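Let's take a friendly walk through a protein model together.

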Amino acid sequence: MGTLWKIALRNTVRHKRRTIITAVVMMAGISVFILFDSMLAGMDRMAVDNMADYTTSSLKLRTPAYVDDIAATPLDKPLPDTAGALAILGERRIAAAPRIRFVASVSNYNDEIPVLADAVDPAADAKVFKLSSSVVSGAWLSPSTPKTVVMGYLLAKELGLKVGDTVLISAQTVNDVTNADEYAIAGLVDTPAPEVNSSGLYMPLSDARALLVTPDMPGGFATEIDASLPRVSSLKAAITEGEAEAQALGKALPVLRADPIGYLARDYLSVRTAKAQYSFILIVVVLVIAAVGIVNTILMSVYSRIREIGVLRAYGMTRGDISRLFTLEGLILGFIGSILGVALGALFDLFMVVKGISITAFAGSMGSLPLSGVIHGEWNPGTMITGFLFGVVVSLIAALVPARKAAKLEPTSALRFQ
Amino acid sequence: MTALHLEKVTKVYRKGDSEVRALGGVDLDIEAGEFLTIVGPSGSGKTTLLNILGCLDSPTEGRMIYDGQELRSLGEKGLSAYRRDRISFVFQSYNLIPVLTVRENVELPLVIERKLSNADIRARSVEMIAAVGLAGKENRYPRELSGGQEQRVAIARALVKRPLVVLADEPSANLDSHTAEEIIELMRKINVERGTTFVFSTHDRLMMEHAARIVTIRDGLVTGDERK
């Protein structure tokens, strides 16, 4: 076997041009796969982080009945003891804020737009969400300025409103009758979450309780508590740790349902699975091209060494030995291409992790995905190992065809070959 | 002692509906230690006979007994094993492996044979390289050698495993007359000193002059067998 390796390795080195071309194709395929995976992981991370920061939070506490009826945004299934739940979260050192989510209608007295409004505790909410730091005009809500609202800048634009203007907000009360009141616009927010910009409406809990005519509850009327869990190194870890925390809270607060980010972002994450399949299809396509290159390279090697095959057969090498010789050449090519691919992919990854790329220019084409700013990649050793192994296995399979062809040559025909 | 015995050996090649009778019933005994030349015009069956003697091809009919063993029953793997253990070749175009050094080329038959330790393989190949007059050139590659030197390496490669017989297909055809004479003398010397059996096909008058026995073949039949 040592001599077969020696002959295979030296032939790979001897035919530099063929080796370089084949290795470069493989390198391109594997490195692009690693880069795409890193970018997709970064996009996922950014999207899920933005959802946690601007829309869903990283963990929600609601009553099971509320979640079962969530499409109706019911006000008759509130938290039974908001203060008690907040106290338990406080004991676990988890930042949390109560909210009331309700269906409202925003009017500039000419036009009205239906929205899903959120009533928030301005100070506590700022510890869970980043809305307060996304104010681009005016200011975030304050207990000292009642009857004010903050809205998404696109919603204000559509209604022709600005900070300081008055809007009429109407909503169904807890008793299922319509109530309305006027509020001054305290500020406008511009966030990476498109839905917040186009339909986000926020008002203090005290104003919302008055508007919705809510009953007195321990700790105040709220339909949910949003919590912020500490950031961890990867999305996978965030999902795992979120699930663990939700389970622990579920035991501590058995009357409530704790939903972690993995559940809250489930629609996005299912789209992500489809994206991962696209990236795998990409590597398959590129490596199939590389495989054709390897078949061609080894076939050229077979044709240029037919007499050599004849000599080796004449000296007693079996068909199996000849097949192994050319399979080894394919394996060496695949190994070189895969190593270079992983090395280049790691460099791309390094750039993505350290510098990242700005997607602000593409923000318009991102649709409803909560993405903007600079995407940073994520290291994924598993992807590098997958890319490497896939490259080697594809090379091995690609080399089998010409290797078999070489093994089938009759020694007498091979020795006669000119 | 008879090393190779051929009895009524025929070889028929089929191409579509037509048949080409390359050998028409050859009877031949080759003694151990002979220095034998097969001569004949082009297309007479010399190469086919050498291929059959070398177990590279099987006869259509007839018996082959090598060193007391009937080879007819051996299959593909058996013939490979027989070639590996008992037969060596010297080719007209040397056919050295270009990516292996002189020493590695000479070691190749022993490596394929897998009977000796690495140290013994190296020792025997270095000894053989010295025997063909190429001591000091062990680490050269074939492209760094002259045609005559390449053929010497090919002879060393053929002899290193101490075969029953060395078969050579026009070994001097690509060499100038001076180098050809050197190569013939080298093979003759090894034949005398080591008792190795050599069988050549050739058109070279010089080789015929050195041969101890000349077998003439024409239209696939042995038409002459002259011993000197």
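## A leucine to start with

Which residues does Leu396(A) touch, not counting residues up to four places away in sequence? Leu396(A) touches Thr327(A), Gly330(A), Leu331(A) and Gly334(A). Here, two residues are in contact if their C-beta atoms, placed from the backbone, lie within 7 Å. You can find Leu396(A) in helix 14 (residues 381-408) of chain A. Helices (H or I, at least four residues) and strands (E, at least two) are DSSP runs, numbered from the N terminus.

Why does Leu396(A) count as partly exposed? It does so because it has 19 C-beta neighbours inside 10 Å: a residue is buried if 20 or more other C-beta atoms lie within 10 Å of its own, exposed if 12 or fewer, and partly exposed in between, with C-beta atoms placed from the backbone. Between Leu396(A) and Arg272(A) there are 124 residues in sequence and 31 Å in space, taken C-alpha to C-alpha.

## Reading the model

This is a predicted model, in which local features need pLDDT of at least 70 and side-chain atom pairs count only at pLDDT 80 or more, while totals for chains, interfaces and linings use all residues. Residues are numbered from 1 along each chain as its sequence is written, and chains are lettered from A and ligands numbered from 1 in the order in which they are written.

## Two domains in chain A

In chain A, the domain assignment gives domain 1 (2-50 + 269-416) and domain 2 (57-264); such bounds come from an automatic or database domain assignment. The C-alpha centres of the two domains of chain A are 50 Å apart.

Where they meet, 12 residues of domain 1 of chain A are in contact with nine residues of domain 2 of chain A. On the domain 1 side, helix 2 (residues 16-55) of chain A gives the most, with five residues. Sorted by class, that side has five nonpolar, four polar and three charged residues. Ala, Val, Leu, Ile, Met, Phe, Trp, Tyr, Cys and Pro count as nonpolar, Asp, Glu, Lys and Arg as charged, and the others, Gly among them, as polar.

## The largest nonpolar core

In soluble globular proteins, nonpolar side chains tend to be buried together. A nonpolar core is a set of buried Ala, Val, Leu, Ile, Met, Phe, Trp, Tyr and Cys residues joined through C-beta atoms within 7 Å. The largest one here has 181 residues, and Val149(A), Leu201(A), Ile225(A), Ala156(B), Leu167(B) and Val199(B) touch the most other members. Helix 2 of chain A gives the most to this core, with 19 residues.

Now pick out Ala156(B). Leaving aside residues up to four places away in sequence, Ala156(B) touches Val106(B), Met128(B), Ile129(B), Ala131(B) and Val132(B).

## Chain B as a whole

Chain B holds seven helices and 10 strands. Of its 228 residues, 44% count as buried. The C-alpha atoms of chain B fill a box of roughly 50 × 40 × 40 Å along the principal axes.

## Two residues with positive phi

Asp176(A) is not a glycine, yet has a positive phi of about 70°. Asp176(A) sits in the loop between strand 6 (166-172) and strand 7 (178-189) of chain A, and is exposed, with 8 other C-beta atoms within 10 Å.

Glu170(B), also not a glycine, has a positive phi of about 45°. Look for Glu170(B) in the loop between strand 7 (165-169) and helix 6 (177-194) of chain B. Glu170(B) counts as partly exposed, with 19 C-beta neighbours inside 10 Å.
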